[in-house]
Amino acid sequence: MTDLPDTVFQSFTETSSPEQGPPRLKLLRAELEREGVDGFMIPRADAHQGEYVAPGDERLAWLTGFTGSAGFCIVLQDIAGVFVDGRYRGQVRAQVDTDHFTPVDWPDTRPAGWLKTHLPNGGTVAYDPWLYTPEQIAAIEEGLKGKQITLTPTENLLDRTWPDRPAPPTGAVRVYPDDLAGKSHADKRRELAATLRADGHRAAILTLPDSIAWLLNIRGSDIPRNPIPHAFAILHDDAKFDLYIDPAKLDDAVRAHLAEDIRLALPQDFEPAISALSGPVRLDHGSVPLRIVTLLEDAGTDIAYAGDPCILPKACKTDAEIAATTKAHLRDAAAMCTFLAWFDAQAPGTITEIDVVKKLEACRRDTGALLDISFDTIAGSGPHGALPHYRVSEATDRTLQDGDLLVLDSGGQYQDGTTDITRTLAVGTPGDTERAAFTRVLQGMIAMSRARWPKGLSGRDLDAIARMPLWQAGQDYDHGTGHGVGVHLCVHEGPQRLSRASTEPLRPGMILSNEPGYYSEGAFGIRIENLVVVTLAPALPDGDDTRQMLHFTTLNYVPIDRRLIDAAALSDPERDWLNAYHATCRDRIGPRLDDASRDWLTGATAPL
């Protein structure tokens, strides 16, 4: 394709291969024998408990070949289990040597149960305490009660076998403007310090990089796609702040921004500082590394388990953040529509998945505002679309054929926002089975978009709304309906989720994805996704005067492929919602497009 860029953020090189695993597994088992333990646990995590990790923390991929963003491996002398959830069950079997690694369906099978089966006579299983939280280890130990199986912390045994392990990242930090954040870092620190004092906590240890970035109004570049700096921090109850970070990441502008009450220290000073703290020290039980807990316990310091104090304030966006990300989403929607106009002009059999990824990124780059993509674009055609987290490589690149569906999940990182949108597109003429399934997914997405609910409900209370049309047809999908999203931060952000597992009440200002799907293994996939913001719902004439209700406001305005919709299956309210949504797409995005793309948009948003 002559109009495709040569350089893009996304790489199409396969980063690991199954044949690498067996010799590395042999080295690790020799290390277990030298250490005198029967097993070692390798999570897909770093000391910050991040979903996306630096190259030197890609231990799971280095050992096994599995590159998914969630999972773990437990290596024993006679078996090595690779645990993945429903999103990755096809991917893991394609990426690991199944003669040496055994895929394990998680959470159907949990670590404790698996260990009891494979260590029936007991044994000792080691783990790196920087890579596990107290909550994770406690859950496994609870399941092992009554068995002679012991979990023991050690140095990282896998690191001893990784001769060319990459060094920690040293990406530059930059200032995030106060006018986009809505508050200065001094104001944020004072507010959180007041919370610490009210709770009787002397200090809080922060280990999540996006919490530190949000609190200090900075952004980093240590992890591709996520503008975060690797650092640790301690917030004191007087609003003073200790930041443990490689000084090479900080230029004069950032140092000036951090000057007030921010004490800079080296990363190697963090452990001694923990041991010197006066308690109670606040720790997030679900994200703090167990090593930090041990340091405090050894020093006799009182621990107060409570949530990371940044989590909820970060999740509930300020008016300035909502205004900023709204602008980013309108800009991104124009780029998407420009791409879709191009896509519809390509005949089946003439473009590949990599062509799609390159062209879409080029459209986003043409805005002049793209800083990065927010995750590697998922462009899965035909059977690849049935892999929810498919990543195209040069080895897997597929030409789009007549009758295919293309699942296109993508997003951009802009200074004013983080975007994430999925559209499923028809290539040529779609089949009836695909159209029926697509329509059911669309009905679920519309139902969630139209939802109203009483204040206090959580994601688990709403998740079924999007699944009901699929359930009625005996179908479902094996991922949550939605995840939280940051503002020029991580595309996956907690604690808010639309998921059966989420108990966090939804609050105004929270941004979530609304993305039901359906996946027919080996045939096709479907996902439709918009981002939405939780807002106060307007009162209704017959509603309770005292009952506060919430609803969603949509951020993405990109047409949904009308060729895949069985209009006769939609109810009148569903059709009305879709037609109104498409009219808004025309009104808000049309003026941002060139003539050819605007003409395409007019046709793509014609009323059903």
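This is a predicted model: local features need pLDDT of at least 70, side-chain atom pairs count only at pLDDT 80 or more; totals for chains, interfaces and linings use all residues.
## Overall fold

The chain has 608 residues, and its radius of gyration is 25 Å. A compact globule with that number of residues would have a value near 25 Å, so the chain agrees with the rule. Along the principal axes, the C-alpha trace spans about 70 × 55 × 50 Å.

The secondary structure consists of 18 helices and 28 strands. Of the 608 residues, 56% are buried. Contacts between residues at least 6 apart in sequence include a 71% share that joins residues at least 24 apart.

## Strand β1 and G39

Strand β1 covers residues 39–43, and G39 lies in it. G39 has a relative accessible area of 0% and is therefore buried, since the cut-off for that class is under 20%.

Leaving aside residues up to four places away in sequence, G39 touches L32, V75, L76, T124, V125 and A126. L28 is 11 residues from G39 along the chain, and the C-alpha atoms of the two are separated by 9.6 Å.

## Helix α8

Helix α8 runs over residues 209–216. Eight of its eight residues are buried, so the helix is largely enclosed by the rest of the structure. The buried residues are P209, D210, S211, I212, A213, W214, L215 and L216.

In an α-helix there are 3.6 residues a turn, so residues three or four places apart point the same way. In α8, the buried set includes P209, I212 and A213. After the helix comes N217, which has a positive phi, near 50 degrees.

## Cysteines

How many disulfides does a search of the whole structure find? The number is zero. A disulfide would require a pair of cysteine sulfur atoms within 2.5 Å. For C363, which is in no disulfide, the nearest cysteine sulfur belongs to C337 and is 10 Å away. C585 is also in no disulfide. Its nearest cysteine sulfur is again that of C337, at 6.6 Å.

Are C363 and C585 buried or exposed? C363 has a relative accessibility of 6% and so counts as buried. C585 is buried as well, because its relative accessible area is 0%.

## The second largest pocket

The second largest pocket has a volume of about 770 Å³. Its lining comprises 28 residues. Those nearest the centre of the pocket are A47, H48, R165, P168 and F232.

Sorted by class, the lining of this pocket holds 14 nonpolar residues, nine charged residues and five polar residues.

## The largest cavity

What is the count of cavities of 30 Å³ or more? There is one. The largest cavity has a volume of about 40 Å³.

The residues that line the largest cavity are I205, L206, T207, L283, D284, S287, V288 and D308. This lining divides into four nonpolar, two polar and two charged residues.

Key. Residues are numbered from 1 along each chain as its sequence is written. Side-chain values use heavy atoms; hydrogens and water are left out. On a 1 Å grid over the protein atoms alone, a cavity is a set of points where a 1.4 Å probe fits but cannot get out, and a pocket is an open set with protein on both sides within 12 Å along at least five of seven lines; lining residues have an atom within 4 Å of a point. Grid points are joined across faces, edges and corners, and a volume is the space filled by probe spheres set on the points. Ala, Val, Leu, Ile, Met, Phe, Trp, Tyr, Cys and Pro count as nonpolar, Asp, Glu, Lys and Arg as charged, and the others, Gly among them, as polar. Buried means under 20% relative accessible area, exposed over 50%, partly exposed in between (1.4 Å probe, protein chains only). Helices (H or I, at least four residues) and strands (E, at least two) are DSSP runs, numbered from the N terminus. The radius of gyration is taken over C-alpha atoms; the globule rule is 2.2 Å times the number of residues to the power 0.38. Contact means heavy atoms within 4.5 Å.
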